[in-house]
Amino acid sequence: VMFGRDKDVVATAFITWREIVALLLGGAAVWIRCNLTAVWIPLGLYLVYLRGRGSLVRAMLYFFVYIVCALLGMAVSFLIDRIVYGIYVLPPPQVGSFVFNVVEDRASAYGTHSHHWYFTAALPAILGVWVVPCAGAVKRCFSSSSSASYRQNTGKLTGLVVVYVSVYSLSAHKEFRYISPVLPPCLAICGAGLANFFQQNANEMANTRISISKLKNRSVIAVLSVSLFLNIVPLLYLCIVHQRAPIAVTEYIVDAMVSSPLLQNTAITSERSTKFSVHYLLPCHSTPAYAHLRIPGTLPTILTLDCSPACRTIPEEMCEEEQFYKDPQGFAEALYVNVLPKIRGKSASDCMNPEYDQDNDYHGGGGDCATVRFQSHEVSPVDHIPDFVVVSSEVAQNVAPVLVEMGLYEAHSHIHAIKNIEWVNSNEEGDDVTGSGYLWLPL
């Protein structure tokens, strides 16, 4: 309805089935992701304007009908949640997300960008090689040589993208994924612009011996070939190499547990599950954690470094992630303080005595009970040796003494991402610098 001539929209029935389906899907989508209101509200208001133009009463009637359809879509999504989760999800989790990110603006603790970042950096990045065709298609909206239907329909899509990105630009905290919903309309704009471009070029070359259809087909094949070539290399790198380590290491853990004699001796149908622990000493939000550790017959326990808003919003307080990367070995000693003294034949209570064994030197001074008296890290110590510890290559050597003392050994490593590439002469030594994920296991 929206992407036709305005007079055709007014001439249609009171409401079309396409409108109903779109509004139902819109309501369901908003229930799942509240940020999609920045897409569906402008769409709905524009349709109300088209349907009710010239009559306020008619516009209010359509506004009411559209609201009812959207609420029905929300109700359908609500019932699906009830069936799947077994409980009534009220209010939806996205309300809490909206309050956290927008009302309280606590997301700013995770980083901020300038107000124009979405337009100048994020949108070109997600479009990739299509940024030039998209810009050209938008430019053709203002060209008198383009058809009226092209200018009108492409202009509507462009307006929708601009409104959505502008609304999100009001928030200080910005991420690429927040504007991912505008990628489909942007690609539709690219397609319309390329089709218009091909048609005009074919018309200009109509006096040649080649038919217009053949010219258009050749142009389409050429554009698709170039775009495929320019996309396939980054696609393979992003899917196979870039930031692959968290998934690869977690898959290794799953394989190790599946082949573990302890798990094989435990019946899968048994009520008792095999417990195992994984400590991810990695940057925040860098691992899928429980999502990829679902093994029948097991009950995993995961430890990750804290970087919650509780510490991020307090400037004077250091999150565990910052503490760990500032002093990896000291943090590891504080984290495993209840385990290390037992290994050395001492109790934690003995080590808490500042006069106990002062003459011994461990890791640069302070006695071999320095791990217990390490007061610069406010960490909640664990009371067991983990089955798996995952660390990055940049800190692996720092924490290795602590892990080795607990009886762990390096079992697996995987390339995470290419940090930089150094170009050197053939007679010089040089290596690509890569980041890796290391896995440590008990001996």
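Predicted model: local features only at pLDDT ≥ 70, side-chain atom pairs only at ≥ 80, totals over all residues.
Helix α3 comprises 16 residues, 37-52, and spans 21 Å from its first C-alpha to its last, which is close to the 22 Å expected at 1.5 Å a residue. Its buried residues are Ala38, Val39, Leu43, Gly44, Leu47, Val48, Leu50, Arg51 and Gly52. Following the helix comes Gly54, with a positive phi near 95 degrees.

Helix α2, residues 17-32, packs against α3 with axes that come within 10 Å and cross at roughly 150 degrees. Because roughly antiparallel applies to angles over 145 degrees, α2 is roughly antiparallel to α3. The crossing in which α2 passes α3 is left-handed, and the residues that make the contact are set out below.

| Helix | Residues in the contact |
|---|---|
| α2 | Glu19, Ala22, Gly26, Ala29, Val30 |
| α3 | Thr37, Trp40, Arg51 |

Sorted by class, this contact of α2 with α3 consists of four nonpolar, two polar and two charged residues. Arg51 of α3 takes part in the contact and is also listed among the buried residues of its helix.

Beyond its neighbours within four places in sequence, Gly27 is in contact with Ala70, Gly73 and Met74. Leu72 lies 45 residues from Gly27 in sequence, yet the C-alpha atoms of the two are 7.2 Å apart in space.

Notes. Residues numbered from 1 in each chain as written. Heavy atoms only, no water. Helix = DSSP H or I, 4+ residues; strand = E, 2+ residues; numbered from the N terminus. Expected span 1.5 Å × (residues − 1). Buried < 20%, exposed > 50% of the residue type's maximum accessible area, 1.4 Å probe, protein only. Axes fitted to C-alpha atoms, helices over the stretch in contact; angles between N-to-C directions. Parallel < 35°, antiparallel > 145°, perpendicular 65-115°, else oblique. Left-handed = near helix turned anticlockwise from the far one by under 90°. Contact = heavy atoms within 4.5 Å. Nonpolar A, V, L, I, M, F, W, Y, C, P; charged D, E, K, R; others polar.
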